[in-house]
Amino acid sequence: MSLPLPNPIRPAFDRGGSPGAVIVNIGPSHPATHGTIQIVAELDGERVVRTDVHCGYLHRGFEKECESHTWHNLIPYVDRLNYCSALINDFAYCEAVEKLMGIEITPRCRHLRTLLSEYSRIADHLTCIAAALMELGAMTAFLYLVTIRDYIYEHLAALTGARVTYSYGRIGGLANDVPEGWLKRLGEILDQMDTFTGRVHGLVDRNRIFIDRTRDVGVLTTAEAIHWGFTGPILRSTGAPRDLRKDTPYLSYAELDFEVPVGIKGDNYDRYFVRMREIDESAHMIRQLADMLEPGPICVDDRRCTFPEKHLVYSEIESLINHFKLVMDGPQVPPGEVYSAQEGANGELGFYIVSVGGGVPWKVHCRSPSFVHMGGVHRMLDGYQLADIVPTFGSVNMIGGECDR
Amino acid sequence: MAHGTLSLLIEPARLLEVVRALKDRFGFDMFLDVTAVDWPQRQPRFDVVWHFYSTRERVRVRLKARVPEADPAADSLTGLYGSARFMERECHDMYGIAFRGNDDLRPILLYEGFVGHPLRKDYPKQKEQPLVPYRTNEAAK
């Protein structure tokens with residue numbers, strides 16, 4: 001029995017503009033499109049004339065699901081947006097809710113969130129560069145980078161209990177403080193990372209094959225990048241020093257010393273190099289933050305969102321009721337709306353949330369950089385070779401979880 | 001002003017005029033986001049919400065316009081910002097807001113043939129409409 005299966009998409013074009021044109025379909029089940037993106041391309045020989053990019057294969061109704069859970073229960077869901085740097089999602093979401101509630105987090109929490117955001121950014125950039133290089137056949141560089149990423153994952157598992165999706169942020173604080181010896185191991189990993197990224201620089205930077213595949217491929221100008229909504233490393237690779245950590249400082253970024261690396265041409269090579277330099281800057285920030293950490297509470301003392309200590313829940317009625325109300329009704333967020341954005345690993349990660357009061361959101365909308373980038377990625381694919389789709393797409397770092405939500 | 005963002009409620013008919021002024025006179029060169037909020041008990045039912053960012057002044061602005069359920073439509077900003085193309089498609093998917101002037105409102109996160117708009121409050125969360133029918137025990141034999 002084989003009924004014809006309905007096509008989930010309707011391509012923008014099904015015949016070419018010129019007699020010799022060929023239409024090919026790439027993805028979604030293709031490793032270079034990360035398994036979720038489908039590209040319908042018109043080819044003239046090996047040259048890509050135009051492309052029609054489709055997403056949605058990983059859509060799982062994130063925003064709908066958010067409207068029937070309490071504010072706290074959403075934290076595991078936001079983890080699964082950008083699963084390469086899940087902690088940044090946690091903190092961006094928590095910050096949005098805290099803004100609505102008028103909560104100011106404690107200094108230790110602020111520094112720790114900043115430190116972990118940068119740590120996640122390193123993991124995300126390592127993943128992106130490693131995957132992009134592997135797609136070009138650079139297995140050694142891939143192994144160097146994912147080795148470090150795995151050290152980071154294990155190290156984060158020691159802190160949060162999970163390797164990839166941590167559920168570690170809390171509204172008004174964090175799940176727990178860092179365990180003993182954690183910061184010492186952090187320094188060791190960063191030192192080893194410096195060695196390994198140095199080797200990758202040596203292997204790749206002046207490698208003829210790598211330069212031929214990436215230099216002047218997928219070029220984007222600053223004006224084009226802004227017109228098509230690109231943010232993050234892609235916008236910076238065009239030479240615009242736009243970074244929310246500098247432009248609208250949040251968390252502890254105003255107190256840190258760091259640079260915003262930019263590219264010259266906005267091509268694949270620049271996107272690789274901007275990410276490599278950002279890893280260095282993030283490591284520099286983490287070292288500063290580790291020195292700045294002062295002892296103190298990690299959660300605000302606010303009964304609207306912070307859970308009481310367990311031994312009090314078992315011994316006094318007020319704490320028991322408080323715990324019960326927080327679990328059953330959720331944190332009480334006053335009515336209002338807020339758009340709050342942080343610099344995610346891929347660009348501006350914004351949460352637009354609307355509350356009508358009470359423990360359940362009326363609306364949670366995520367402005368995810370990957371989705372916006374997919375709207376403009378055809379500018380980087382059209383006019384280049386078919387084989388250039390692989391390195392260009394790799395350098396965009398599309399993350400299915402946040403693109404399709 | 002709310003939580004550090006200027007929020008403007010405008011007439012839907014004046015959208016293009018306001019956005020042109022924002023872009024040309026006030027330097028809001030980046031289109032961040034468009035979405036909608038459903039208020040089933042209210043007339044008009046939907047808020048359409050836009051966010052813009054100025055890379056020069058480093059501030060955001062929010063525009064809101066109320067559109068009725070009978071004619072859920074707003075002008076498209078694709079002529080001013082390329083990035084509006086995908087985001088308007090998503091908003092059309094989820095809330096059924098028609099963007100006049102966007103010639104490509106094909107489903108984007110949903111699939112061809114999907115009936116309804118899932119982020120409207122009257123769309124049941126548990127409703128299923130699989131593109132490929134579930135396999136029954138009979139078919140598996």
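How many residues of chain B are in contact with how many residues of chain A? In this predicted model, 35 residues of chain B are in contact with 39 residues of chain A, contact meaning that C-beta atoms, placed from the backbone, lie within 7 Å. Local features need pLDDT of at least 70 and side-chain atom pairs count only at pLDDT 80 or more, whereas totals for chains, interfaces and linings use all residues. Residues are numbered from 1 along each chain as its sequence is written, and chains are lettered from A and ligands numbered from 1 in the order in which they are written.

**Side of chain B that touches chain A**
- Strand 2, strand 3, strand 4 and helix 2 of chain B each supply at least two residues of this side; helices (H or I, at least four residues) and strands (E, at least two) are DSSP runs, numbered from the N terminus.
- Strand 2 of chain B gives the most, with six residues.
- The residues of this side divide into 18 nonpolar, eight polar and nine charged. Ala, Val, Leu, Ile, Met, Phe, Trp, Tyr, Cys and Pro count as nonpolar, Asp, Glu, Lys and Arg as charged, and the others, Gly among them, as polar.

**Fold of chain B**
- Chain B has three helices and six strands, in the sequence pattern β-α-β-β-β-β-α-β-α.
- Of its 141 residues, 37% are buried, that is, 20 or more other C-beta atoms lie within 10 Å of their own, the C-beta atoms being placed from the backbone.
- Four strands of chain B make an open sheet with mixed pairing, in the order 1-4-3-2; two strands pair if DSSP finds at least two bridges between them.
- Strand 1 (6-10) and strand 2 (30-38) of chain B each have a single partner strand, so one side of each is left without a neighbour in the sheet.
- Neighbouring strands of this sheet are turned by 20 degrees against each other on average, direction ignored.
- Strand 1 of chain B runs parallel to strand 4 (residues 59-67) of chain B, joined by five bridges, and B:Ile10 stands opposite B:Ala65 in strand 4.
- Helix 1 (residues 15-26) of chain B packs on the sheet and touches strand 1, strand 3 (46-54) and strand 4 of chain B; its direction makes about 170 degrees with that of strand 4. Axes are lines fitted to C-alpha atoms, for helices over the stretch in contact, and angles run from 0 to 180 degrees between N-to-C directions.
- Helix 2 (residues 84-95) of chain B lies across strand 2 and strand 3 of chain B, at about 5 degrees to strand 2.

**Nonpolar core**
- The largest nonpolar core has 142 residues; such a core is a set of buried Ala, Val, Leu, Ile, Met, Phe, Trp, Tyr and Cys residues joined through C-beta atoms within 7 Å.
- Helix 4 (residues 107-135) of chain A gives the most to this core, with 13 residues.
- A:Met374 is among the residues with the most contacts inside the core; residues that A:Met374 touches include A:Cys55, A:Met398 and B:Phe86.

**Elements of chain A**
- The axes of helix 4 and helix 16 (residues 389-396) of chain A come within 8 Å and cross at roughly 175 degrees.
- Strand 1 (residues 22-26) and strand 2 (residues 38-44) of chain A run antiparallel over five bridges, with A:Val40 as the bridge partner of A:Asn25.
- Strand 2 and strand 3 (residues 47-54) of chain A pair in the antiparallel sense over seven bridges.
- These two strands form a hairpin with two residues between them, and A:Gly45 in the turn has a positive phi of about 70 degrees.

Note on methods:
Two residues are in contact if their C-beta atoms, placed from the backbone, lie within 7 Å. A residue is buried if 20 or more other C-beta atoms lie within 10 Å of its own, exposed if 12 or fewer, and partly exposed in between; C-beta atoms are placed from the backbone. Lists of a residue's contacts leave out its neighbours within four places in sequence.
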